[in-house]
Amino acid sequence: MNVLVCVKHVPDTETRVKVAADGLHLDLGEANWVVNPYDEYAVEQGLQLKEKLGGEVTVITVGGDDATKSLRQALAMGADKAVLCSDPAFEDADPWSTARILAAAAAKLPCDLILSGKHGVGGDNQQVGSLLGQLMGIPVVTVVTGMDLEGTSLMLKREIEGGTEVVKASLPCVISCQKGLNEPRYPSLKGIMAAKKKEITAWKAADLGLDPATLAPSFQLKKMELPPPRPAGKILSGEIPDQVKELVKLLHDEAKAI
Amino acid sequence: MKYLDDARDVKFNLFEWLDLDTLLKAERYKEFDRETLNSVLDEALKVARGSVAACNESGDRIGATFDAGKVTLAPGFDKAYQDLAAGGWIAPTANPDFGGMGLPESVGTGISEFIMGANTSMSLTVLLSRGAAHLIESFATDELKAIYCEKMYTGQWGGSMCLTEPSAGSDLGDIKTKAVKQEDGSYLLVGEKIFITSGDQDLTPNIVHAVLARTPDAPTGAKGLSLFVVPKFRVNADGSLGAFNDVVCSNIEHKLGIHGSPTCSLVFGSNGACQGFLLGKERAGLLLMFQMMNAARYEVGVQGLGIASAAHQAALAYAKERLQGRSMTNREPQTGQVPIIEHPDVRRSLLMQSAYCQAMRALASYTGWCMDMAHITEGEEHDRWQGLVELFTPICKAWCSGWGFRVTEWALQTYGGYGYTCEYPAEQYLRDAQIACIYEGTNGIQALDLVGRKFRLQEGKPVKHLLGLAGKTAQDLAADPVLGPSAMQLGSAVKALGAVLTEIPAKDNAMLLTLLNAVPLLDMMGHTVSGYLLLQQAAVAKTKLAALLKDKGVDASDKAALRAALKDSAEAAFYNNKVQAAVLFAHRGLPLVGAQAVALRAGEVAPMETVF
Ligand SMILES: Cc1cc2nc3c(=O)[nH]c(=O)nc-3n(C[C@H](O)[C@H](O)[C@H](O)COP(=O)(O)OP(=O)(O)OC[C@H]3O[C@@H](n4cnc5c(N)ncnc54)[C@H](O)[C@@H]3O)c2cc1C
Ligand SMILES: Cc1cc2nc3c(=O)[nH]c(=O)nc-3n(C[C@H](O)[C@H](O)[C@H](O)COP(=O)(O)OP(=O)(O)OC[C@H]3O[C@@H](n4cnc5c(N)ncnc54)[C@H](O)[C@@H]3O)c2cc1C
């Protein structure tokens with residue numbers, strides 16, 4: 001089975017986030033960039049399928065040249081090939097454009113299954129996987145925590161509010177992966193050295209037959225701001241019954257929690 | 001237990017300070033480039049922070065246990081070990097022909113720091129396995145190498161180093177374990193070893209012991225020792241495991257720290273069926289063992305560094321959270337409590353911790369780099385680098401373990417009463433750090449090695465060369481507006497040490513003075529060398545900081561603007577802090593060199609005049 005895995009190069013969640021001077025971007029100059037954690041489940045799942053059924057795992061990303069770092073990590077985990085979709089026209093790609101780029105690339109690659117993370121940390125749009133399936137006209141199953149192959153179909157477990165849902169989907173399809181699906185392997189030293197030698201294919205808009213003019217964001221970003229700093233905590237004093245009364249009052253009037 | 005690393009400084013050492021490019025141009029390391037090495041460190045850190053750190057606490061609380069002849073490691077050790085083995089982290093610098101990855105030692109130092117810091121007990125198994133395998137690789141017949149090396153370097157089989165016996169600790173000349181040659185060329189061993197780290201464990205199906213023993217007609221003392229490979233299970237011709245080889249673990253020690261590491265008493269040949277194979281020649285055992293001990297001693301220094309850095313990072317995080325006391329500038333009771341990191345005394349302690357960690361890291365990574373340089377050079381140049389490695393080995397071991405332990409003590413103090421409780425990691429770090437001062441030759445024995453052997457090595461060239469370099473750095477930086485005063489302290493330290501080294505040998509009781517002051521002498525060397533290396537680093541950091549500020553359009557002479565820039569940029573803060581750490585070390589660490597010179601120069605011998 002040939003699996004295509006979508007990975008995103010994202011700032012580490014431990015990064016101290018700052019809003020840039022223009023108020024529209026984040027200043028990520030000093031951020032540590034990593035593979036989107038949910039995409040690691042997708043890569044691992046692809047590798048497990050390959051180990052069981054043969055075929056190849058190709059990882060793909062839409063991003064700048066620095067995103068090769070994340071592709072290399074996936075290659076070091078054991079993926080066979082990597083594709084970097086990079087073009088000045090992709091720079092401000094919104095989820096819709098990203099999905100269009102990925103769909104155009106997927107059409108050029110042999111793939112029986114497309115895996116992605118359930119969402120990309122940072123942007124938190126949770127859209128790319130679903131849009132990609134829609135554009136390709138194939139089934140989409142999101143937030144998957146379990147996967148079994150049955151003939152030419154997949155039996156999938158989905159996380160839903162308060163329980164699990166079991167879904168059957170025919171191949172090819174798009175699956176977005178959630179924590180719990182598997183435990184991603186660490187890249188090995190051998191894998192890191194081997195990854196260096198694996199080729200990364202680079203595709204621009206023209207290679208994908210995309211007209212840059214159609215890739216402009218479909219919405220306009222107006223403003224970015226950080227949440228207000230957490231106010232200092234309050235420690236109540238006095239007799240316990242009085243403290244309880246005071247606490248209830250504060251929760252009601254100030255915190256508006258009750 | 002969460003492992004908090006200092007990967008930023010590890011990467012500074014490797015990528016911004018050491019001359020990495022010379023290494024990467026060499027045939028031996030041509031497969032590596034900066035980007036790959038960066039990923040290597042990132043991935044090693046992931047494993048360290050992951051399953052390896054995850055069992056550090058269970059290792060301490062549950063520990064290794066011994067029951068009915070069986071050693072069981074704490075929960076989680078199995079998973080961590082499998083991850084280390086699968087990733088190739090057991091022997092990242094070892095020979096690729098035997099399953100190693102051939103990485104430079106200067107990179108291996110960083111990897112070791114992460115794994116040691118995340119879980120010392122776990123890392124000891126790894127360290128001893130690769131140590132024993134290295135002995136086999138260096139001195140065994142091709143047949144033995146083919147059987148053992150790859151399996152050990154890749155972690156399929158474990159290893160141990162069996163030197164110590166009840167009456168032979170610091171002085172191995174008193175080893176009693178016997179080895180008798182058999183007709184087939186193998187030997188039968190009989191004897192008892194104690195304190196053997198990972199002498200038994202339940203991680204691997206076989207354990208391969210490197211054992212020092214005495215052949216029947218050998219002379220007494222160290223010159224009569226031979227070195228043997230002794231597997232727990234014999235190995236069939238096809239590499240599969242055969243009969244039990246009569247090596248029994250009779251107990252494990254209960255001890256202050258590293259509870260996760262089984263410290264075993266081993267009985268060899270109680271049924272007359274313990275087969276061993278000679279490494280090298282008979283009676284050359286200790287000599288061979290010493291070659292391997294250099295690597296292990298160096299790594300024990302890295303252990304001191306790894307634990308100290310982890311302890312410091314944890315204390316630093318705590319100090320930012322803990323509210324206690326009022327601000328120095330506003331002591332009114334009605335104003336809120338401040339995080340203790342605002343108190344000058346706490347800041348002093350935290351920067352002391354950081355500066356000593358940076359000093360140890362500079363010393364260790366420079367030593368690793370010298371090893372690499374020795375690997376890629378020949379003739380006189382090789383001898384020069386190798387001379388420095390030999391000189392630095394006992395200093396790395398003893399100075400980093402000794403001061404590493406002290407850093408864990410300072411880190412515990414940062415927590416106040418909470419540090420003393422088991423709710424926080426500080427007390428475990430302190431207990432786990434102490435052992436590094438003892439095994440692989442006590443720090444006292446390291447000091448004797450330094451003053452007895454290493455100072456005299458190559459007619460004293462390495463020491464002179466080094467003091468020359470340090471003196472030159474002191475001069476070069478003398479006029480620097482920021483680092484000048486620190487350079488002056490370095491100059492004084494070099495002078496004090498130089499004076500002692502010339503004056504003592506000329507005295508009538510030179511021998512006694514040297515033995516009496518071996519430990520202070522090692523400490524003086526450690527401070528001088530690392531103070532020198534830290535000032536070099538500070539000069540690099542200072543230049544980088546200036547460039548960064550210029551980039552951001554910040555006028556460094558405007559204090560408020562500078563403060564804001566440092567607050568805003570973690571990179572700028574990092575470089576600034578490196579400069580400050582070097583300044584602190586120069587003013588609070590380096591003067592200890594002159595202070596310790598006092599007793600030496602005065603010829604004080606009170607310990608010998610005392611009636612105990
Ligand atoms: C947890 C742990 C793990 C260990 N792991 C191993 C292992 O894997 N393999 C192994 O073979 N051993 C191991 N050891 C043993 C360790 O190497 C010895 O404990 C160490 O070398 C000191 O020997 P000793 O304990 O007999 O102390 P002693 O030799 O009795 O020393 C006691 C004190 O006297 C000093 N001293 C002794 N002789 C001299 C001298 N000539 N001049 C000046 N001072 C001297 C020492 O510095 C020390 O302070 C381990 C020990 C421990 C505690
Ligand atoms: C085993 C044990 C037994 C104890 N027994 C008793 C007992 O019988 N009775 C009792 O009342 N208490 C007892 N204590 C509590 C003990 O006295 C406190 O732990 C101690 O005073 C430190 O307070 P703390 O732990 O809150 O640390 P903190 O006050 O939080 O101090 C943390 C760190 O910040 C530093 N620091 C704090 N404030 C300042 C400041 N203004 N300026 C500079 N540095 C500062 C401290 O020096 C320390 O390094 C005990 C504690 C332990 C661990």
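The legends below accompany several close-up views of a predicted model. Residues are numbered from 1 along each chain as its sequence is written, while chains are lettered from A and ligands numbered from 1 in the order in which they are written. Because the model is predicted, local features need pLDDT of at least 70 and side-chain atom pairs count only at pLDDT 80 or more, whereas totals for chains, interfaces and linings use all residues.

**View 1. Chain A as a whole.** Let us start with chain A, whose secondary structure comes to six helices and 13 strands; helices (H or I, at least four residues) and strands (E, at least two) are DSSP runs, numbered from the N terminus. Along the principal axes, the C-alpha atoms of this chain fill a box of roughly 70 × 45 × 40 Å. Of its 258 residues, 38% count as buried; a residue is buried if 20 or more other C-beta atoms, placed from the backbone, lie within 10 Å of its own. Among contacts in chain A with a separation of 6 or more, 69% are between residues 24 or more positions apart; a contact has C-beta atoms, placed from the backbone, within 7 Å.

**View 2. Where chain A meets chain B.** Here 12 residues of chain A are in contact with 18 residues of chain B. On the chain A side, helix 2 (68-77) and helix 5 (189-197) are the elements that give two or more residues, and helix 5 gives the most, with five residues. By class, this side of chain A has seven nonpolar, one polar and four charged residues; Ala, Val, Leu, Ile, Met, Phe, Trp, Tyr, Cys and Pro count as nonpolar, Asp, Glu, Lys and Arg as charged, and the others, Gly among them, as polar.

**View 3. The shell around ligand 1.** Look for B:Leu163, B:Gly169, B:Ser170, B:Thr197 and B:Gly444, which come nearest of the 22 residues around ligand 1; a residue is near a molecule if its C-beta atom, placed from the backbone, lies within 6 Å of it. Strand 3 (158-162), strand 5 (187-197) and helix 14 (443-454) of chain B each supply at least two residues of this shell. The shell divides into 11 nonpolar, nine polar and two charged residues.

**View 4. Strand 3 of chain B, covered on both faces.** Five of the five residues of this strand are buried, so strand 3 is largely enclosed by the rest of the structure. B:Gly158, B:Ser160 and B:Cys162 lie on one side, with B:Gly159 and B:Met161 on the other. Strand 3 pairs in the parallel sense with strand 6 (residues 207-214) of chain B over five bridges, where pairing requires that DSSP finds at least two bridges between the strands.

**View 5. B:Leu128 in helix 7 of chain B.** B:Leu128 lies in helix 7 (residues 120-139) and counts as buried, with 24 C-beta neighbours inside 10 Å. Leaving out residues up to four places away in sequence, B:Leu128 touches B:Gly159, B:Ser160, B:Met161, B:Thr197 and B:Ser198. Helix 7 itself is mostly covered, with 19 of its 20 residues buried.

**View 6. The shell around ligand 2.** Among the 13 residues that surround ligand 2, the closest are B:Gly325, B:Ile340, B:His343, B:Gly416 and B:Gly417. Helix 10 (344-376), helix 11 (379-414) and helix 12 (417-420) of chain B each give two or more residues to this shell. Helix 12 provides the largest share, three residues.

Technical notes. Buried ≥ 20, exposed ≤ 12 C-beta atoms within 10 Å, placed from the backbone. Contact = placed C-beta atoms within 7 Å.
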